Structure formats: C-alpha cells, structure tokens
Amino acid sequence: MLDPSGPTRTRMRAAGRATTLAVATAALVSGAGLPVLATAQAESLAPKRIGSAPVVPKGAVKTAAPADGTELDLSITLQPKDQTALTTFVNAVSTPGSPLYKHYLGTGEFGKRFGADPATVASVRAALTEAGLHPGEIGANGLTIPVKATVAEAKKAFNTDFAGYKLSDGTTAYANTQAPAVRGDLAGKIAGVVGLDTTATYKPRSVVKSKAAIKGPAIDSEKSRNIGAYPQLCSEWKTILGNAGLVDGQHYYSSAALAQAYDVYGIADGAAGSTIAILSLENYDTRAAAAWQSCNGTKTSVTNIPMPGFVTKAPDVDHGEGGETALDVDTVSSLAPGASILVYQGVNNGQGVIDTYQRIVNDNRAQVVSISWGRCEAERDSGRENTLNLILKQAAAQGQSVVAAAGDAGSTDCNGSGLNENVLNTDSPASQPYATGVGGTSHSGLGTFPGPISVWNHDGGSGGGGLSTRWALSDTDFPWNAQHAAQYSNVCGAAAGSSCRQVPDVSALADPSHGYLIFTDIDAEGTLWANIYGGTSAAAPLWAALVALANSSTDCAANGPVGYLNPILHKLDGSVFNDVTIGNNDISGSGKYSALAGYDLASGLGSPKGRAVMSALCQQLPSQPAGTYTSVQPKRLLDTGVPGVASRTATTLQVAGSANSGVPAGVTSVVLNVTVANTNGPGYLTAWPTGKTMPLSSNLNWMQGSVAVPNVVTVPVGTDGNVSLFNGSWTGPVRMVVDLMGYYTPDTAGATFKPLAPTRLFDTRYAGDANVAQAPVGGKKKIDVKVAGGVSAKGVSLGVPDTGVTAVVLNTTVTRGQGNGWMAVYPTDPTGTFVPKSSNLNWTNGQTVPNLVVVPVGADGKVTFYNGLDGTVDVLADVFGYFTSDASGSKFHVAGPKRLVDTRTGKGAPYAGKIGDGNVLHVNLNDNGVLSGATSVVLNITVTNTQWGGYLNAWPGGTARPASSNLNWTAGSQTIANSVIVPVNNGTVDIATNSPADVIVDLMGYYSVN
C-alpha cells in the first residue's frame, strides 16, 4: 500500500483482582427499635460478598501476609445500565436476517450506549471513596472504575484478610482469603472486582513433538524468499528437516502444507485489510519470527503492543518462554500473510489478563482476536468470569470475532493443575458464551483435507470439550447452543428454557505428532532454532487466520467483518466441515466424550473446509443491494479551510439525510469529488463509511509540495448517513474539499450503467480537433462538447445514444497549465451563464492531473469544461460509459475497498517490481471474488515510484490496448491516483504503462445486470 502505504494453548493460572465496597454500616444495622423503613434500609446496606475467593495454585506454600502498606491496582466492573438491551443488540447485529445485522458499534460507542448508568457510577465511586479507597474515572467502556488502595485499605473496605504465598516457581504472591464484600444496595450493580489476588501464574503448557529442537542457519529477514507466491518453506530448511529424517505432512506441517490441508492455499489477497489481535503474556523472539517470514516469503505486518507494567526483555527460552506467541504469530503469518498482526503483551497476573482483554476490545483495531491461554472453569472466580463476559460481549457488539483454545486436557480440563483432577470440566475463555472454543484433531498426509481425521488424544493430551458448569444460556438468546442441548446432561443447573454452554464449537489440527513447524529463537551464536508444536493453541490461530481470510473476501468486505461467530457457525450446512467421528477426548479414564456424527463435545462441528467455510460465512452476510444511480448538479458539501484536518485524524461528513446535500436517507453509496490542498508533505486520504473499520487502502495520494490533488471517490454510506475522511499525512494538516456528484439507491428509480470501450472525446493539444472551439482552453473560458449522440475528434461514434442518457463517465486530464488552476465539468447550461461552485480538477503550474468525472448531460447532449485559471490549459477527455434512465444497463454493487494489486510487493502480479512499456498486467477478478457476471469494475489505481513522464491504460482483459489513458504523469518521482471504471472481459482487466512505475489497484465496486 501507499501507506495504505511445542506449545499448545497456554493454561492460565488464575489470579484475580477483587475489590470490595463494604462500608461501616453499624449505625444502620444496630438498634432494635428502628422504624420498619429504616430497618429495611439497613438490611439493604448490609455487606454482601460477590464472586468467590481465589483458588490457590498447586504447590503454593503459605508465607507471611503482605504488608499493610503494599499498594494494589484494582478495578471494579459495573453492570451495563440495560443488560437486556445489550443482549438484544448483540443478537440483532449477529443474526442473519435481522435488520441490524452487521450494524456494529464503532470504536468508543459501547460506553456511550451501554455503559453503566451515571447515577450508579457516581454512587459506586462515592462508596469507594467513603470506604477509604481511591477510585479513578470510569473507563472508555463505561463499565470499569480503576481503584488505588493499600492492603490495609482493601482489608477494611472489602472485609477480607490477605495471605502470602511462595509459588512453585519460587516467586512470591498474595491473595484475598474471602470473596470481596460490597455494600448490599450496590452488589447487584457490580459484575466483578479484580485485583486482590496475584497468585495466578500463566505459564505456557507447550506440547512439543520431541524434546530435541532443530537448529539451522538464521534466515536474513531483509531478503524475503518467494515474493509473489503463497508462503512455502525455503529450500535451506527443507534440506535441514529432510536431513533430520522429518517428512512434511507426516512429522510436521510446513506453512504451504498446512494451507493446502485446509484449502486456503493461493488465496490471492491473503487476508489483506484484516487485522488479527493475539493475546500474549510473555516475551518472544521477534528475530525468529522475522526469520520465519523471510524463509516463507511473507511480509506480514507484526506490531507488539506492551501493556503498562509489561517488561520487555529477551525470552527465557530454556524454560519454555516465547514458544506460545511464536506459534501464534508464525501460524497466522503463514495462513493469512496479507493480514496485520497486533501482539498485545500483558502482565502475567489476573489483573494483567483482564486489562489486556479490555485494551484489545477498547482499541477495536482488530476484527479477529486469537487467544491461546486459559484455565479450567473450576479454578476461576465468578467475579473475574463475569468481568470477562462483559468484555467479550462488547467485542461481539463491535463485530470482533474471538477464537479461544479449548484446552489440552480433554474433558477433564483441570488435570495437571493439582486441583479438581479427573473431574469433568471445561476451559475458560473457550467456555465463555461470546468466544468460539476451538478443540483439537489429529491427521497426517499432504493435500486438501488429509485423512482420516480423528479427535486428538494420546501421550497425555487431548482437545478440550464438555459442558460448562458456570454458563446456563437462555434458549431464546442463544438458540445456536440450544439446538444441541438435548443430547447432553444438565451440569450447570440450567432452569427450564436454558441449557449449559457446550464446548468446543469447532476444531482443527492440534496433535504435536503431526504438528506445526515454527521458529522459536535465535541463540547468542546466531543459530536459529525450530521445533514442532501442537495443542489447541495452534488450532485457535488457524481459525483466526481463516476468519480473517473470510473478512477480506469481497462479499464480507462489502458488509463488514463476520463478527461474533457462534450464531453463524452453528447454522452452517455440515458440508462445509470435516465431520470428525473417530476418537474421544477422555484422557483420565473418568472423562468423556466420544466423537459423533454431527456436533459433539469432542470436536464440535468439526474441522474447517477452508474456502467452503469462508464462502458460507460471507453468504450469511446481507447482500449489498444493487444500486441505481442518481446524478446531480455538482454541489459543494465541505471545505475545511486552512489549516484543515489534522495529521493522522479523520473528519466526518454527513451526506445522506442532510438538507445541505439533498441526498435522501437510505442511499447505499455516494459519488464524491474529493480534493486535498495546502499539503505540507507526502500523505494519503482514505474515505469509508462511518461506523465501519477504516480500510487499509487509499483514495488519494500526494507527494511533497503538492498543492491540490483531486479524485472521484465512490464510498458506501454509514448507517448514520455519514462518511469519514482520514488524513494519512504525518507532516501536518490538509485542507479537504468535497463536492457531491451523485448517489446510489437500492431501488429501480435511478439510472443503470452501460460501459463502453474507451474512446477519446477530444484533445486540445492537437489543433483542428473538430469537437472543440479552441486549443488550448483559454483563461476563464469554457468549451461545450456534444457527448450524447456525438462523435469523437476523428468522427467515430462515441456509442452514447441521443435519448435516455442521464450522465456520462469521462476520464478527464489537464496538462501544461500556465499557473495554478481548477476546472469544472458540468451539464451545459442553455443560457451559457452558469458556472458551478465546485471543481473536478485542480493543478499546479505545468502539472499533469487526471480525474474521473461522472457528469449529467445538459442541453443538446452536451457537457461543459470550464477553465477557472487565468492562463491557458490543455484538456483531453475519454468516454468510458454512460448512465441511462431505462433498466437495460447494469446496477452497482459495493465490493471493497479491497487491494487487488501492489507491484511493490508482488501482490496480484507475477513478480515484485515496476511494470513498463510492453508489460501487460492481467488482473483476474474471479480470483479476487468478483462475481463472474460483472460487466465492469470500479477501481482506484495508483502509480508511484515514477521516473519519466508517462501514462497508464486499463481496459477489458484480452482485448486490444486502447489509445485512451486513465492516468497521466510528468517526469520525476510522483504518486498519482485516479478512479477508473473499466469494462470486464471474461472476468479480467488488463493494465499497462508506457514508462516504468509501480502500480497499486484497489477494488471499490462492480456493475452487473443483476
């Protein structure tokens, strides 16, 4: 872009931070002769314990209690002001067929809409203060109050003692000895108290194929292999593994073999535009992760986000640190190489885990969250579980998909903890209702869906699964859970109309005997170490990558991410899964469950058939209504003036339902002419529907010293009628000017589109052109050109009929302007006096600037080109199609933004590097998910890294290259973008330049007759 440029799942040893609001109420509860009202009030204020005392981990030895002056960082999570409304909303945005389906909350909206009632916040903060604690302001989610306290203050406020412990790893910790108590009238308003317990140690439980790691030379991360191809292991390491007697698909799975096994190999975009968050509680070797990408030929963006208090240091690999995160990062970058990865690194205790979850969700930067850490339900206190439940519910409301490892101890998840051994139990957070639990399978062999596939269960490990003892889910609110409930017992005490949460939901490869090859670390001598890992912590990021691939596909990208997975997954046809019917997850002799036909508690719905699951997930999305077009007289909607929109920030513009715009509510997309001016340095602009995630693409790009840059933008409208415009410059504010050109509505009232083979309308650089009055166009002068029923400069019919034409699509270029200026293109006015207060092109002295123009047709089928410059300017225009008032043309579908080509990295191209004269870039749109019935596509094409002057053509694939142009540029290093509407031939479009340049192509939408 141009800026749109062997561990298994780690098991959390719980540590909760609990806080109590018990205030002194003796004066209220004592005194026998109080009136009845006063007695009732006293009873309501009597302290009540919430949650449960923490479970001290196995091997902990009791020591002296923490000193009274020990400082604590606590948090109180409040209940939403309307829990029922929140549940109803999450169901609505997550259920296909609902009018609110995919209308997710934007970043920062959750607290405003569902945060705690302000009166509740005030009363809780007051009670905390009265109890001698030090509460902060309510958090961004509207539910969390941070609290500072000492141990002495917490003892008194929460009516609990503290005990000290020495843990099995030699570290010291403390924990509250009782569940925290809070004032009775506030107990029902508090979901959880977190932070009183530090005994939790979240150590990765690595499931590794062999104790002997594999070593080899470090791979230079600056010299990526296989650029332009799908990830596959480099030859150096294929040789190393072969010499060690290890066979791909038998002893391990390489990146390519894993992608082939799950039928995602070769997907063109590799999840471009998607972001995956990985929750990590450890350091890992980033050099080894970079070497993995280099060896596999990927350049996946990986950003570490340390949480406050996290200490960044070299991982202690000798004791297993770093393997879990390396497994997550390597797996995602192998299967979704185009995605961006955010590694959130949290402090390794109970409060740190909750804080990390909350940060991931509050940031809302990732559409998919992968979690490979957990702890059995029996060892988790209810306060912390309730807090986590609300965090994950917020994620669902925002459209974030959360996948979590289901555990590696089969149906007896607490095995290995020393507590609740050989007892049926599930793993949290996989058992949380708003997370998707991922179980484990075993298979070997190369190719798609190698078999047979069985439940992973040997050598003391097995995929987790079973019935939650904590979560009883309403059959009305969670019908996807109720549909399987009849075959299982009621272990959670579910009342009539409810059923126990069932885990896992799905599964994937977790067997370390045929596990995931990863690079773990580079030692002091520069030796790179690898190993073969398994566990459900490998299956979880596999599913995360699969969901990211689905999110980036055309159908999903047009409507928003898949979001909360469970309601959709459990409705899918079984044919999109490999139904696992072999094996069980009983590893203790006192457990269960057997694999069955259909859903079961050993493998869930089964393992994924990659492309089939992706397609099914996206087909559940509402089809973007096909749009017809209404053209308007160009109208200015926004001029930010100077200084304009600040660097790296966005402005919001209301375009639908606004009296200023005249655009009615309910439109699907608008066509805007967007211009940036007064730039201070290089940058880009991105337009997208407000309320959706900002795409990783650009609509305009500018270089150092650019004064004004225009481009036509076709952008979907948010549910509130708004669009957002982001200034991607790092060097300062820019002035943004937006003119309305037209809009699409989901009905038949507007016009349909007829594409045409590009034909040159006129070119003022050549005197004697019959279509223009003069060459060049004089200052403050205009030319009227007949388009409907007209002919080209060479007397060739343009193909635009005389009647029924509402607007024409012109690619217009200005060049050799004598000074800075602007041009307006508009329907010819019979009086000859009208000039709109808007512009289509802006340029600097001598600059060549192209822009797509969608302009209504005026009197006698003519359009007018007005030069607002005092000096002369040359103009050339090409006809690309027209809109007609009859229904015989094509309708518009939103399908992006989605990156199809970037020659700088080799994406969508046969190799990485510039294209030049004689090289034609063939873009197969069917490979990118565009319907085969598309008659034409709307593309945003950018050229960059130019050297000499030149031009670019885009035309129907497999046909003769036309004489028209879509982009033009002058000598020097430039970055220029232009919107292009180009007909499709056999599902392909061809692109070429006449001088070397890098080319970036983003799909914005397409037209089809349906």
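Author: Helices (H or I, at least four residues) and strands (E, at least two) are DSSP runs, numbered from the N terminus. This is a predicted model, in which local features need pLDDT of at least 70, side-chain atom pairs count only at pLDDT 80 or more, and totals for chains, interfaces and linings use all residues. Residues are numbered from 1 along each chain as its sequence is written, and side-chain values use heavy atoms, with hydrogens and water left out.

Reader: Which strands each supply at least two residues of the lining of the largest cavity?
Author: A cavity is a set of points, on a 1 Å grid over the protein atoms alone, where a 1.4 Å probe fits but cannot get out, and lining residues have an atom within 4 Å of a point. The largest cavity holds about 70 Å³ of space, a volume being the space filled by probe spheres set on the points, with grid points joined across faces, edges and corners. It has 13 lining residues, and the closest to its centre are Thr 714, Tyr 744, Val 854, Ile 981 and Tyr 1007. The strands that each give at least two lining residues are β37 (708–716), β45 (849–856) and β53 (976–983).

Reader: How many residues of the lining of the largest cavity are charged?
Author: Ala, Val, Leu, Ile, Met, Phe, Trp, Tyr, Cys and Pro count as nonpolar, Asp, Glu, Lys and Arg as charged, and the others, Gly among them, as polar. In the lining of the largest cavity, 11 residues are nonpolar and 2 are polar. The number that are charged is none.

Reader: Which elements each supply at least two residues of the lining of the second largest cavity?
Author: The second largest cavity has about 60 Å³ of space. Its lining includes Tyr 253, Trp 292, Asp 330 and Tyr 516, and it divides into 6 nonpolar, 4 polar and 1 charged. At least two lining residues come from each of α9 (255–261), α11 (323–335) and β28 (515–522).

Reader: What is the angle between the planes of Phe 110 and Phe 114?
Author: Rings of Phe, Tyr and Trp (its six-membered ring) pair if their centres lie within 6.5 Å, and planes under 30 degrees apart count as stacked, over 60 as edge-to-face and the rest as tilted. The whole structure has 20 aromatic pairs. Phe 110 and Phe 114 sit 4 residues apart in helix α4 (residues 109–114), about one turn of the helix. Their pair is tilted, with 5.9 Å centre to centre and a plane angle of 45 degrees.

Reader: Which residues do ring pairs link into a cluster?
Author: Two of the residues closest to the centre of the largest cavity, Tyr 744 and Tyr 1007, also belong to this cluster.

Reader: Is the disulfide of Cys 234 and Cys 295 left-handed or right-handed?
Author: A disulfide is a pair of cysteine sulfur atoms within 2.5 Å, and the search of the whole structure finds 3. The sulfur atoms of Cys 234 and Cys 295 are 2.0 Å apart. The pair links distant parts of the chain, 61 residues apart, with Cys 234 in the loop between β12 (214–217) and α8 (235–243) and Cys 295 in helix α10 (residues 286–296). The torsion about the S-S bond is about -95 degrees, so the disulfide is left-handed.

Reader: How many residues apart in sequence are the parts tied together by Cys 376 and Cys 414?
Author: The S to S distance of Cys 376 and Cys 414 is 2.1 Å, and the link is right-handed with 100 degrees about the S-S bond. Cys 376 lies in strand β18 (residues 373–376) and Cys 414 in the loop between β19 (401–405) and β20 (427–428), so the separation of the parts is 38 residues.

Reader: What is the torsion about the S-S bond of Cys 492 and Cys 500?
Author: These two cysteines are joined with S to S at 2.2 Å. The disulfide is left-handed because the torsion is about -100 degrees.

Reader: Where is Pro 429 found?
Author: Most residues other than glycine have a negative phi, and most peptide bonds are trans. The peptide bond from Ser 428 to Pro 429 is cis, with omega near 20 degrees. Pro 429 is in the loop between β20 and β21 (436–442).

Reader: Is Asp 459 buried or exposed?
Author: Buried means under 20% relative accessible area, exposed over 50%, and partly exposed in between (1.4 Å probe, protein chains only). Asp 459 has a positive phi near 55 degrees and lies in the loop between β23 (457–458) and β24 (461–462). Its relative accessibility is 74%, so Asp 459 counts as exposed.

Conventions. On a 1 Å grid over the protein atoms alone, a cavity is a set of points where a 1.4 Å probe fits but cannot get out, and a pocket is an open set with protein on both sides within 12 Å along at least five of seven lines; lining residues have an atom within 4 Å of a point.
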